[in-house]
Amino acid sequence: RESDRRAWTPVTCTVTRQNATIQGLTEGKAYFFRIAAENIIGMGPFTETTKEIFIKDPITVPDRPEDLEVKAVTKNSVTLTWNPPKYNGGSDITMYVLESRLIGKEKFHRVTKDKLLDRKYTVEGLKEGDTYEYRVSACNIVGQGKPSFCTKPITCKDEIAPPSLDLDFRDKLIVRVGEAFSLTGRYSGKPAPKVTWLKDDNVVKEDDRTKIKTTPTTLCLGILKSVREDSGKYCVTVENSTGSRKGFCQVNVVDRPSPPVGPVIFDEVYKDHMVVSWKPPLDDGGSEITNYIIEKKDAHKDVWMPVTSATVKTTCKIPKLLEGREYQIRIYAENLYGISDPLISDEMKAKDRFRVPDAPEQPVIKNVTKDSAVVVWNKPYDGGKPITNYIVEKKETMATRWVKVTKDPIFPSTQFKVPDLLEGCEYEFRVSAENEIGIGDPSPPSKPVFARDPIAKPSPPVNPEAVDKTKNSVDLSWQPPRHDGNGKIIGYLVEYQKVGDEEWKKANLSADSCPETKYKVTGLTEGLTYKFRVRAVNAAGESEPAYVPDPVEVKDRLEPPELILDANMAREQHVKAGDTLRLSAVIKGVPFPKVTWKKEDHEVSPKADIEVTGVGSKLEIRNTVHEDGGIYSLTVENPAGSKTVSVKVVVLDKPGPPRNLQISEVRSDSCYLTWMEPEDDGGSVITNYVVERKDVASAQWVAISSSSKKRSHIAKYLIEGTQYLFRVAAENQFGRGPYVETLKPIKAIDPLHPPGPPKNLHHVDVDKTEVSLAWNRPDRDGGAEITGYLVEYQEDGADEWTKFQTVPMLDCVVTGL
């Protein structure tokens, strides 16, 4: 039952255990409870709680605090916040315990002994660079609850955040003069940014009208009673160590314009109207001029009459004037913000005041060429009406009639290029001006000019150098100028200066004495050193000098001889007999060497033409013969040395005659010829021999061989008993040489041999002083009739045989024994 009620309410009657859970109680109310035991007989007496029981949750330690966050970090402090636990354990939170642990250590240490009830705390006195983690616990009447989850490791260092900028103004702002305006915004950043205001790149400074207010999060620039000079491009810069942000605003402080700029110009004046013009205001008030208001006033009246208020041009026609009256004009400028003060003109009388233009001054002639010239003149007084055209005329100096140079109008230019002039003719020019009234008088004639291309002085000669020298002269050479000034180069002036002197002396008195690009300076002193320079000259005058780079010492130059051989001076030179032999070489050396030609160390044949020039030498032999061949030598010599070259010359000709022609083995129908090769093969290989024969009774030679390469030949098919002559000639690629001929005829007969020995020699009779002998004919007669027998005797024991006599028959009587 509730403590404030009397009635009991049954809770359950089915409990068999010694405990029960009572549901449906109201929190905060007090209750009494009673219990009775029951069996099958019945219910026993109740037992009641001695005192009332208040219904409330049991008290425990709080849950862990939530959302522990790091709000700020510096190099020596950390600021933390957290939220209370979801459940306080049934009792109010009495305080919080904040703990920290240095990374690398094991234990957490309480941060402060103070009683923490705020859920925000800044831990100070930390060491820069150290890293910590934090946790927080809640305490109630029961005790300290579980700690919160740890923060991430936090390193003590100044927190960095780039600047941010949020502006309350747009890119452009228009303000009326006298009004105030302000530029505001918010910003942030770590470390705290520096705020700077600029106007047109200049720092804005505070004064009576300019106020700058900056808080840690807001910024403001205010200007009171703005003036036109406050217009410009404003810039606010928010900057810290991590970067910067900028904001811009183009402020335009607008006002009515300043007055138009005078004076008022009366462009045209007539008896009934005028045309005036002026310049726009210097200051348009920051807004475009929408129109000008023009008024006129008779100078003798006080009333201004409107002319127009709808023109945006800076010129206006003033109509409805009375001839002879004087008028003033006043002009206002207007924009969106008001009307300017007026510009008032001088007085001007309304009357016609125009005539034809004045005559221009004498024209000037420029840029004359062979067929054109540019005429230049100054604009004359226009007679009150604008000039619409210029008339340019020309005439030859000796002529009387002026001719227009063009039919086309010439305006507004005050110069004209006159074409189609005749080269070499002298011309004068004049100019007239024309307006709507008519053509004015012509100018005085220009100075006469000849139609020809202008001539300027030439540029200096190019690359002057000393190319040779002797003991009293120096040879100079150069190249023509790059630019001749459009005039023919007449010649060159050469000057020299002794080193140490100031005076330059002329080597030639006039340019036409040196038309070529070389000159020999003579009359110099041996052993001295000179400088040289050259000028080019045309009809316009002398060029600037070109200098020989280095001073030159005057002395004979010694250079040893040098031979540059032509192709015909190769090691061996072949020339065909009858052709011309040419040997040549380029010769160098200072002084020029002495030249000597020799053949086989002897003087060259008188038929040779020898030519020596300043640059080389040439030897020439016409109609060469074989004897002209040999070794030719060319020697060049000067005091600095000598040089010799040789060339073998081969004159290619027909070979000489064969040598030592011999006839042997003569038979009745053949014989054998042999010979030796010619002493001279004509410079070419013997290709073959020609062999011919001739009957002594005939005048005709007959070839018996024309292709033999051997030095022998068998002459066949001879007629027995006939006498023959033979001859042989050698041939090479250049022809057939002379013949060698047998000295005496050869008879075609078989050769003769001694007969064989007589046969069967025996004695027929013997006496005391003589012996009769007989014999038979020999077996062979040797090829000819036996003409006799030679009889000889020998005394027994002697060595010598003694001739007795030759007998024609086959017997003989030897007497005188």
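Is S684 buried or exposed in this protein? S684 is buried, with a relative accessible area of 10%, where buried means under 20% relative accessible area, exposed over 50% and partly exposed in between (1.4 Å probe, protein chains only). The model is a predicted one: local features need pLDDT of at least 70, side-chain atom pairs count only at pLDDT 80 or more, and totals for chains, interfaces and linings use all residues. Residues are numbered from 1 along each chain as its sequence is written, and side-chain values use heavy atoms, with hydrogens and water left out.

**Overall build**

- The protein has 68 strands and zero helices; both are DSSP runs numbered from the N terminus, with helices being H or I of at least four residues and strands being E of at least two.
- With a radius of gyration of 73 Å, well over the 28 Å from the globule rule for 817 residues, the protein is more spread out than a compact globule. The radius is taken over C-alpha atoms, and the rule is 2.2 Å times the number of residues to the power 0.38.
- Taken along the principal axes, the box filled by the C-alpha atoms is roughly 235 × 145 × 60 Å.
- Of the 817 residues, 37% are buried.
- If you look at contacts between residues at least 6 apart in sequence, 62% join residues at least 24 apart; contact means heavy atoms within 4.5 Å.

**Surface and charge**

**Nonpolar cores**

- The largest nonpolar core holds 20 residues, and those with the most contacts inside it are L583, W597, L619, Y632, L634 and V649. Such a core is a set of buried Ala, Val, Leu, Ile, Met, Phe, Trp, Tyr and Cys residues joined through side-chain atoms within 4.5 Å.
- Two or more residues of this core come from each of β48 (581–590), β49 (594–599), β52 (616–621), β53 (630–638) and β54 (641–652).
- Apart from this core lies another, of 19 residues, including I387, V405, F429 and A433.
- L634 touches L563, M569, A585, V595, T596, W597, K643, T644 and V645, leaving aside its neighbours within four places in sequence.

**Around strand β56**

- W675 sits in strand β56, which covers residues 671–676, and at 4% relative accessibility W675 counts as buried.
- Beyond four places in sequence, the contacts of W675 include P658, R659, Y689, V691, H713 and V728. W675 and Q662 are 13 residues apart in sequence, with their C-alpha atoms 6.2 Å apart in space.
- S668 is in the loop between β55 (659–664) and β56, and is buried at a relative accessible area of 14%. Not counting residues up to four places away, S668 touches L718, I719, E720, A748, I749 and D750.
- S684, from the opening question, is in the loop between β56 and β57 (688–695). Leaving aside neighbours within four places in sequence, S684 is in contact with N732, Q733 and F734.

**Backbone features to look at**

- Most residues other than glycine have a negative phi, and most peptide bonds are trans.
- K190 and P191 are joined by a cis peptide bond with omega about -10 degrees; P191 is in the loop between β14 (181–190) and β15 (194–199).
- Another cis peptide bond joins F411 and P412, with omega about 5 degrees; P412 is in the loop between β33 (403–404) and β34 (415–418).
- D67 has a positive phi, near 55 degrees. D67 lies in strand β5 (residues 66–73) and is partly exposed, at a relative accessible area of 47%.
- Y717 also has a positive phi, near 60 degrees. Y717 lies in the loop between β59 (712–715) and β60 (723–732) and is exposed, at 69%.

**The end of the chain**

- L817 is in the segment after β68 (811–814), and counts as partly exposed at 46% relative accessibility.
- L817 and K768 are 49 residues apart in sequence, and 7.6 Å apart in space, C-alpha to C-alpha.
- Leaving aside neighbours within four places in sequence, L817 is in contact with K768, T769, E770, V771 and Y793.
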